[in-house]
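Subject: Structure handover

Hello,

Please find the structure below. My notes on it follow.

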Amino acid sequence: MSEKQKIRVGITQGDINGIGYEIIFKTFENAEMFDICTPIIYGSPKVAAYHRKALEMEIQYNTIERAEEAQNGKLNIINCNSDEVRIELGNNTQEAGQAAFEALERAVQDYKDGKIDDNEQKAVKEFRLGRYG
């Protein structure tokens, strides 16, 4: 698949105190995933760094301000949250819910504006149907 044909997939971080980043990071440890799509994570580089350290993973990501800046072959993260957000792994907090909402809100707006092609469900479906590879 050529670099220009890759779908730009928006993936939201979900609950910052949950397993969202673990799933995202473990998914993109497999370099073949970058052959399928250009991932754009809507979340927080600070929260991502916290989870990366807690998981003892060495995955790299590219912090961007806008979806248009996403680079093929890299995990791209758009900061949707305050750098003051507090992480409490395993706990349900209002702050975590707000962070998840902010990420989802930004991803939906980018989708409506045509800045991303779809969400993660389309990429999985297309991969299973054999359209990418």
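At what angle do α1 and α3 pack, and how far apart are their axes? The angle is about 75° and the axes are 10 Å apart. Axes here are lines fitted to C-alpha atoms, for helices over the stretch in contact, and angles run from 0 to 180 degrees between N-to-C directions. On the scale used, angles under 35 degrees count as roughly parallel, over 145 as roughly antiparallel, 65 to 115 as roughly perpendicular and the rest as oblique; α1 and α3 are therefore roughly perpendicular to each other. The residues that meet are Y21, E22 and F25 from α1, and V47, A48, H51, R52 and L55 from α3. Contact means heavy atoms within 4.5 Å.

Before the rest, the basis. This is a predicted model, in which local features need pLDDT of at least 70 and side-chain atom pairs count only at pLDDT 80 or more, while totals for chains, interfaces and linings use all residues. Residues are numbered from 1 along each chain as its sequence is written, and side-chain values use heavy atoms, with hydrogens and water left out.

Overall layout

The protein has five helices and five strands, in the order β-α-α-β-α-β-β-α-β-α from the N terminus. Helices (H or I, at least four residues) and strands (E, at least two) are DSSP runs, numbered from the N terminus. Of the 133 residues, 38% count as buried, where buried means under 20% relative accessible area, exposed over 50%, and partly exposed in between (1.4 Å probe, protein chains only). Among contacts with a separation of 6 or more, 75% are between residues 24 or more positions apart.

Strand β2

All seven residues of β2 (residues 37-43) are buried. One side carries C37, P39, I41 and G43, the other T38, I40 and Y42, and both faces are covered. β2 runs parallel to β1 (residues 7-12), joined by six bridges, and pairs with β4 (residues 76-79), also in the parallel sense, over four bridges. Two strands pair if DSSP finds at least two bridges between them. Y42 is the bridge partner of T12 and also of I78 in β4.

Helix α1 and the cores

In α1 (residues 20-28), Y21, I24, F25 and F28 are buried. These four cover an arc of only 95° around the axis, which puts them on the same side of α1; the arc is that of the directions from the helix axis to the C-beta atoms. Their cover includes β1, α2 (33-36), β2 and α3 (45-55).

The largest nonpolar core has 23 residues, of which I16, I24, F25, F28, I41 and L75 touch the most other members. Two or more residues each come from β1, α1, α2, β2, α3 and α4 (94-112), and α1 gives the most, with four. A nonpolar core is a set of buried Ala, Val, Leu, Ile, Met, Phe, Trp, Tyr and Cys residues joined through side-chain atoms within 4.5 Å. Leaving out residues up to four places away in sequence, L75 touches I24, F25, F28, F34, P39, I41, I59, Q60, Y61 and N62. A second, separate core of ten residues includes Y42, A67, A70 and A103.

One more residue

M33 is found in α2. M33 touches T27 and F28, not counting residues up to four places away in sequence. M33 and G73 are 40 residues apart in sequence, and their C-alpha atoms are 8.7 Å apart in space.

Regards
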